[in-house]
Amino acid sequence: MDRLLQEPPPLPALYAKALIRPAQTALRLRKPSTALPDVRHRVENVTATPEKVAAFQGLMGRFQSQFLPSGYVHTLAFPVAVSVLARRDFPLPLLGMIHLRNEVRHLHPIAIDERLSVTARVEKLLPHRSGTMADVVVDVEAASQLVWSGRSTYLAKGVQAAAPGTDSSDPAVTDRTAEDVPDYPTRVWTLDGGIGRSYAAVSGDYNPIHLSVASSRMLGMKRPIAHGMYLASRMVAEIGPDESSPFQWTIDFRAPVTLPSRVLLSAQVERSSTSDWLGAEVTAWDPKRRRTHFSGRLERLHRQAGAE
Amino acid sequence: MNSLPTQQDSTPESDRSVPAQPRAAVVIGGNRIPFARSGGQYAYASNQEMLTAALDGLVARFGLQGERIGEVAAGAVLKHSRDFNLTREAVLGSALAANTPAYDVQQACATGLETVVGLSNKIKLGQLESGIAGGVDSASDAPVAVSEGLRRVLLDLSRAKSTIQKLAALRGLRPADLLPNAPTTSEPRTGLSMGEHQAITTARWNISREAQDELSLASHRNMAAAYDRGFFDDLVTPFRGVSRDANLRADTSLEKLGSLKPVFGRTLSADATMTAGNSTPLTDGAAVVLLGSEDYARQNNLPMLANVVDAEAAAVDFVDGKEGLLMAPVYALPRLLQRNNMSLADFDFFEIHEAFASTVLTSLAAWEDEDFCRTQLGLPGALGSVDRTKLNVNGSSLAAGHPFAATGARIVASLAKTLAEKGSGRGLISVCAAGGQGVVAILEAR
């Protein structure tokens, strides 16, 4: 079933709706479901605001370019994705869900003024050792051509909404012991306590777990944590190719980055003999606890023969 | 290469096939103010004041009052935007003639050496008869910038015409924007400080804590001995009541150095070995060198300490972690030696800037490492060993301190004098710099 929305729904309203949902459940006003809604939400004529893109690029430390940063496309499509997650028939609670993984294929450069169609759906409701996970798949098209496709995996902790089956979760997600981290960093990110608010301002994602100590406590966290997409976007901006070449990237989130924080990164960049960017393996970790925050992989995509 | 004859014409150097050989550029002498730790005796001295003091000391030493010098080149690494013309302003405030032209150079810690190389080349080409090269840095009087947010609001405000536009500009201001940005020694592309970068290189090359402390001890002892025998009497002019480098610890010992806690590399899996004792502190100071043609020196009855022979710069890819931040001089040296048909055995003195004791030790280890020299430097085998008795014989940055842009001129003046004292031989200079850069140079006794 496809549902065409007139415009991207406002995130604050979706979050507000999500905030009262647990109460509704507790009052038995709505029944928790155990299946994913078979629906695609679609919004057409989505365009970026150049000033907002510039602010996003500025926060990522990139020069302005004529193309959208890969992380920003996620931001642009995010309200549509959230509108699916905020549906009454979506079985997991929107707020407090943990971002586990992102997988993006950035197939074509997207000009900043391009008119885009965004389609979002949910897939793969699976049990996880500490709850239930689900994927949100977002496809972005320009002139009916798929230009960007992203799959985000989220975990709802303590929620048993999936039919019992194989637990495909990675046990390291909740492992609290020191891990093997790379011997040497190649860079460090010094993230201040306000980075969640700064990213919220350029992305529109004002999820309370990222904003302040007070707001994150409302959702049971001692300290605010960095947006997963801030970490991913910065990884792509700093270590990826420029936006004019097609590439794909994945990021697996492990221990969240509490704010403020000093994150060490090891980025092993592969280049051709002529210094062309081919790809990179990235690990980010907490030097004190020696725990991995995330690992990433970026890879150049070669344009298919015949295309264009 | 033969030492240059003392005729006033420039003479071809034997191993070069280039038809028209340039004439010699000579180091006439140097002057610096004693260096002081950041926040110490020079806490309230500006770059311009210190550079002017160094220039005036040089003027007094060589009788240059009211004289027009061909060109003065200097720079500072930590520089206020108001000091856009720092060197020219210092010249105007000095006893040099006001019609002495000047320009600023910035190549991080290689600034001072690069000014020497640049002006020497102009002298060799006949564009200049005389030049003053140098540098200055103040980590105490460092510029503090407003935040990016406040800067933007202020710039928008200055462009706003109506009250409404002005209010709109101010609306963009957030409380956090009012916090200033203090300068850091972090590499912009990696966020890692220079010490953190070097700690990685130190661990990769397995440089021991003991070896670093020994090198630091030698630096302090050599420099203290050089002061005691009056070596610096005609190289240093007292400033603000300081007459010796304030960082110098003549009485330090391996026990004292060994008692210090590591400050860099504490988050690595390898043992942390770099301490405040085997790393240079943030330092304030200024140094300059007087250069000239042989004609200029003779006509003005000035000494000729050494010739500036040649120099080579290199850079490494440290951003991807492929090479250490401060390893560029390791790559520059074989190129310089090859062009001049020389080997490490051709040098009587080695001045390897001690940014950290381990910077020197990793450089030495790399040149001795056959595998590294083959794969990274493209050499048939190891470049060779540096005779440690010829290394930093009058102390270096661990003892003197390291005001970034001033270090090159300090080293050139000290090495030129060392060569003049010996009366023969060659000296090699190696300076690493931020941004994965480095410059090496050859001086030759006359």
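Helices (H or I, at least four residues) and strands (E, at least two) are DSSP runs, numbered from the N terminus. By this rule A:Asn45 belongs to strand β2 (residues 40-46) of chain A.

This report concerns a predicted model, in which local features need pLDDT of at least 70 and side-chain atom pairs count only at pLDDT 80 or more, while totals for chains, interfaces and linings use all residues. Residues are numbered from 1 along each chain as its sequence is written, chains are lettered from A and ligands numbered from 1 in the order in which they are written, and side-chain values use heavy atoms, with hydrogens and water left out.

## Chain A

Chain A contains 6 helices and 11 strands. Of its 308 residues, 54% count as buried. Buried means under 20% relative accessible area, exposed means over 50%, and partly exposed lies in between (1.4 Å probe, protein chains only). The chain exposes about 14,400 Å², and carbon and sulfur atoms supply 51% of this area. Accessible areas come from the Shrake-Rupley method with a 1.4 Å probe; for residues, only the protein chains shown count as cover.

Contacts (heavy atoms within 4.5 Å) also describe the chain. Among contacts in chain A between residues at least 6 apart in sequence, 72% join residues at least 24 apart.

## Backbone features of chain A

A:Asn45 is exposed, with a relative accessible area of 53%. A:Ser275, another residue other than glycine, has a positive phi near 70 degrees. A:Ser275 is placed in the loop between β9 and β10 (277-286) of chain A.

The peptide bond from A:Leu259 to A:Pro260 is cis, with omega near -5 degrees. A:Pro260 sits in the loop between β8 (247-253) and β9 (261-271) of chain A.

## Salt bridges

Side chains of opposite charge can pair when their charged atoms come close. A salt bridge is counted when a side-chain nitrogen of Lys or Arg is within 4 Å of a carboxyl oxygen of Asp or Glu. Over all chains, the whole structure has 35 salt bridges. The table gives examples.

| Salt bridge | Distance between closest N and O atoms |
|---|---|
| A:Arg262 and B:Glu196 | 2.3 Å |
| A:Arg289 and A:Asp286 | 2.9 Å |
| B:Glu312 and B:Arg335 | 2.9 Å |
| B:Glu312 and B:Arg339 | 2.8 Å |

In chain B, B:Glu312 takes part in a salt bridge with B:Arg335. B:Glu312 lies in strand β9 (residues 306-315) and B:Arg335 in helix α10 (residues 328-339) of chain B, so this pair ties together parts that are 23 residues apart in sequence. B:Glu312 also forms a salt bridge with B:Arg339. Because B:Arg339 lies in helix α10 and B:Glu312 in strand β9 of chain B, this pair ties together parts that are 27 residues apart in sequence. B:Glu312 counts as buried at 14% relative accessibility. B:Arg335 is partly exposed, at 41% relative accessibility, and B:Arg339 is partly exposed, with a relative accessible area of 41%.

In chain A, a network of salt bridges links A:Arg121, A:Glu123, A:Asp135, A:Asp139 and A:Arg151.

## A buried loop residue in chain B

B:Thr252 is found in the loop between α7 (209-228) and α8 (254-258) of chain B. With 11% relative accessibility, B:Thr252 counts as buried. Leaving aside residues up to four places away in sequence, B:Thr252 touches B:Leu217, B:His220, B:Arg221 and B:Leu257.

## The interface of chains A and B

Which chain contributes 15 residues to the contact, and which 13 residues? Chain B contributes 15 residues and chain A 13 residues. The area buried between the chains is about 1,300 Å², of which carbon and sulfur atoms give 46%. Buried area is the accessible area (1.4 Å probe) that two parts lose on being put together, summed over both. In chain B, B:Thr267, B:Ser269 and B:Asp320 lose the most area to chain A, together 36% of what that side buries.

Across this interface the rule finds 2 salt bridges, and one salt bridge joins A:Arg262 to B:Glu196. The side of chain B that touches chain A consists of 5 nonpolar, 5 polar and 5 charged residues. Here Ala, Val, Leu, Ile, Met, Phe, Trp, Tyr, Cys and Pro count as nonpolar, Asp, Glu, Lys and Arg as charged, and the others, Gly among them, as polar.
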